[in-house]
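Welcome! Take a moment to turn the model around before reading on.

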Amino acid sequence: MAIKKVHNNTSKRNKKGFKITNQKRDAIAGLLFLLPWIIGFFTITCYPLIYSIVISFNQVAIKPGAIELEPIGLEYFRQALLVDAEFPTKLLLSLISVALGTPLVVVFALIIAILLNRKFRGRAIFRLIFFIPVIIMSGPVMTELLTESSAMNINFNLFGIIDILHELEGFWALMLISFLGGFVRILWFTGVQMIIFLAALQKIDNNMYEAASIDGATSWEMFWRITLPYIRPIIMLNSIYTIVEMGTFSDDNTNIKIVNSIRDIARPYSYAAAMSWIYALCLLVMIIIVFLIFMDWKEIRRVRNEKQRRKA
Amino acid sequence: MRSKDEKHKYVGGLHPFRYFFLGRIGKSSIFSKLLTYGILTGLGFVFIYPLIYMTSVSFMDSKDLVDSTVTWIPTHLSLESFIKASRTLELWDGIKDSLIITVIPAILQTVVLACAGYGLGRFRVPLKKVWIALSVLMFLVPAQVTMIPRFLLFNTYKMIGTIWPVYLISALGQGIKSSIFLLVYYNFFATYPKALDEAARIDGAGRLRVFIQIALPMAKPAIVVCFLFSFIWTWNDTTQIPQYSTGAVTTLPMHLQQFVDRFNKLYSSASVSTGGALNESIRLAGTLLTILPLIILYLVLQKEFVESIEKTGITGE
């Protein structure tokens with residue numbers, strides 16, 4: 001302590017005679033370390049973000065050497081939602097697949113992580129297998145694997161399930177077929193989330209489980225009472241990650257539509273910007289919903305009550 | 001876990017049923033082991049199946065493909081598909097371009113974000129919470145939103161069609177999913193013992209020297225994770241790189257995207273009669289060749305990869 005205090009009090013005078021305390025020097029050093037990122041943040045992330053809002057409300061005209069903007073209001077948003085023949089359906093399908101896919105991805109990532117976290121023989125090999133999606137998952141590869149019908153679909157037909165379903169016909173059978181078809185694709189999104197869950201599970205103190213099992217808790221009870229509350233924030237994190245990942249994936253139909261209309265001759269850039277903002281806002285709404293579901297409301301209420309008590 | 005009656009009845013030995021479902025105390029039962037293996041094999045099958053299928057079909061020639069008696073094991077190992085696919089993909093050019101656009105940006109991003117994470121994690125930076133909140137917020141904004149203005153921005157500086165946009169983006173720490181890496185670094189530097197730094201400072205080392213000689217070597221797991229993921233995600237990127245750098249580079253996944261067109265150009269329709277048409281075998285060989293470099297990288301580094309993930313504590317507190 002003493003050393004630290006002395007250390008902090010040694011202030012030097014620079015040439016101009018200003019006092020620079022060690023704390024200030026620390027702050028400056030920290031900022032210097034952070035500087036490239038801050039510059040990058042403002043120039044190639046923040047500025048483009050604002051600019052993309054601006055151009056979605058403007059008509060862009062490409063003149064030699066410059067770009068001219070002409071305010072057009074909400075026109076492109078209206079066109080995207082009401083006039084465009086493709087966009088609303090594509091958007092809806094994308095949103096449904098994200099909304100249905102996210103819980104599945106998170107649940108399966110959690111199941112895989114819990115199982116991989118156990119101690120059993122051959123764990124290393126299984127880990128090797130379950131990290132595969134992280135490594136090779138990319139738009140074109142997925143497209144190739146999915147279009148080359150048999151590379152991914154045979155899975156379930158192996159047991160004749162699909163054939164049976166085809167015979168049943170009916171609405172639910174069809175739903176189930178499309179679910180199974182999409183299911184394989186969905187499983188491929190579990191890679192990173194599984195890793196995050198695994199890292200979180202490894203951090204739970206083993207003593208807690210031991211104490212619980214001495215008190216007679218079953219592993220089922222332990223999962224609900226210890227594991228789940230502990231990883232609750234991680235579930236939220238992973239849900240948000242999944243929404244962003246699935247929403248920005250390059251073989252997503254809406255994204256393909258957006259990318260393809262960037263160089264739309266009649267309405268360059270701004271129409272694509274408007275569409276991407278519509279999509280982004282929809283995803284943001286989903287993220288907020290996830291946030292509301294997984295917020296620790298009890299904790300928030302407790303803190304608020306405590307504050308009120310202190311005031312009184 | 002143990003009901004009282006059961007405990008009294010079978011004090012010495014275990015009831016076989018109980019042994020099967022619950023196991024000895026402190027050890028997992030056969031049932032739960034079977035369940036573990038069963039579920040993991042079932043789900044793992046989904047990931048491993050396409051790989052096996054791809055490998056198997058890639059080695060088939062056109063006769064085997066049509067022959068319904070040949071399902072898994074080709075009658076003889078034919079490299080024909082690989083040769084055609086690699087010519088279609090322009091394999092060596094593709095790998096070269098992919099490496100150009102991947103390796104240096106991954107290194108740049110790793111270094112720059114390590115610095116930023118160190119600055120945030122170890123120093124009392126003004127507005128610290130604001131920076132962290134902003135980086136989280138940026139992760140939530142889909143990449144396609146910023147893509148168009150970035151394109152226009154690079155266009156005004158005449159950088160479109162060169163490799164520089166990708167380099168610049170990563171040199172300023174704004175690459176694909178860079179927020180995650182920043183948070184990983186921040187978390188790592190904020191939690192490791194500060195005593196080491198202080199000791200070195202008292203011994204007279206400057207802040208930069210402490211960072212390079214003490215903090216960086218300790219952050220090896222975080223660095224490995226950041227580098228590998230940056231590498232993989234940049235390699236697999238087919239949304240941003242084509243927008244910024246078409247003309248300068250055509251990466252392997254980009255070649256794969258245009259596989260059918262390229263194949264038809266190379267082996268024009270005249271050769272259909274001679275059995276040179278595009279078939280499943282060739283397409284899958286192409287896919288396999290595209291992901292092969294990543295698989296090799298993964299197999300070489302898998303030990304570091306798994307260990308690093310465990311040590312970084314990606315999740316934070």
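## A walk through the predicted model

Setting aside neighbours within four places in sequence, Ala109(A) is in contact with Thr190(A), Gln193(A), Met194(A), Phe197(A) and Asn238(A). Keep in mind as you look at these contacts that this is a predicted model.

Now for chain A as a whole. Its secondary structure comes to 16 helices and four strands. Of the 312 residues in chain A, 31% are buried. Among contacts in chain A between residues at least 6 apart in sequence, 69% join residues at least 24 apart.

Next, how do the chains meet? The contact takes 76 residues from chain A and 71 residues from chain B. On the side of chain B that touches chain A, the helices that each supply at least two residues include α3 (30-58), α6 (91-122) and α17 (280-312) of chain B. The residues on this side of chain B divide into 46 nonpolar, 17 polar and eight charged.

Chain B also has a contact within itself. Its domain assignment gives domain 1 (4-81) and domain 2 (84-312). Their contact takes nine residues from domain 1 of chain B and eleven residues from domain 2 of chain B. On the domain 1 side, α3, α4 (62-66) and α5 (80-89) of chain B each supply at least two residues. The largest share of that side, four residues, comes from α3(B). By class, the domain 1 side has four nonpolar, four polar and one charged residues.

How confident is the predictor?

| Part of chain B | Mean pLDDT |
|---|---|
| Chain B | 78 |
| Helix α1 (residues 4-9), lowest | 47 |
| Helix α6(B), highest | 89 |

In chain B, 82% of the residues reach a pLDDT of 70 or more. Over residues 1-12 of chain B the pLDDT is below 50, and this stretch has nine contacts in the model beyond near neighbours in sequence. Where pLDDT is low, the predicted coordinates should not be read in detail. For the complex, the predictor gives an ipTM of 0.76 and a pTM of 0.79.

Key:
Residues are numbered from 1 along each chain as its sequence is written. Chains are lettered from A and ligands numbered from 1 in the order in which they are written. This is a predicted model: local features need pLDDT of at least 70, side-chain atom pairs count only at pLDDT 80 or more; totals for chains, interfaces and linings use all residues. A residue is buried if 20 or more other C-beta atoms lie within 10 Å of its own, exposed if 12 or fewer, and partly exposed in between; C-beta atoms are placed from the backbone. Two residues are in contact if their C-beta atoms, placed from the backbone, lie within 7 Å. Ala, Val, Leu, Ile, Met, Phe, Trp, Tyr, Cys and Pro count as nonpolar, Asp, Glu, Lys and Arg as charged, and the others, Gly among them, as polar. Domain bounds come from an automatic or database domain assignment. pLDDT is the predictor's confidence in each residue, from 0 to 100.
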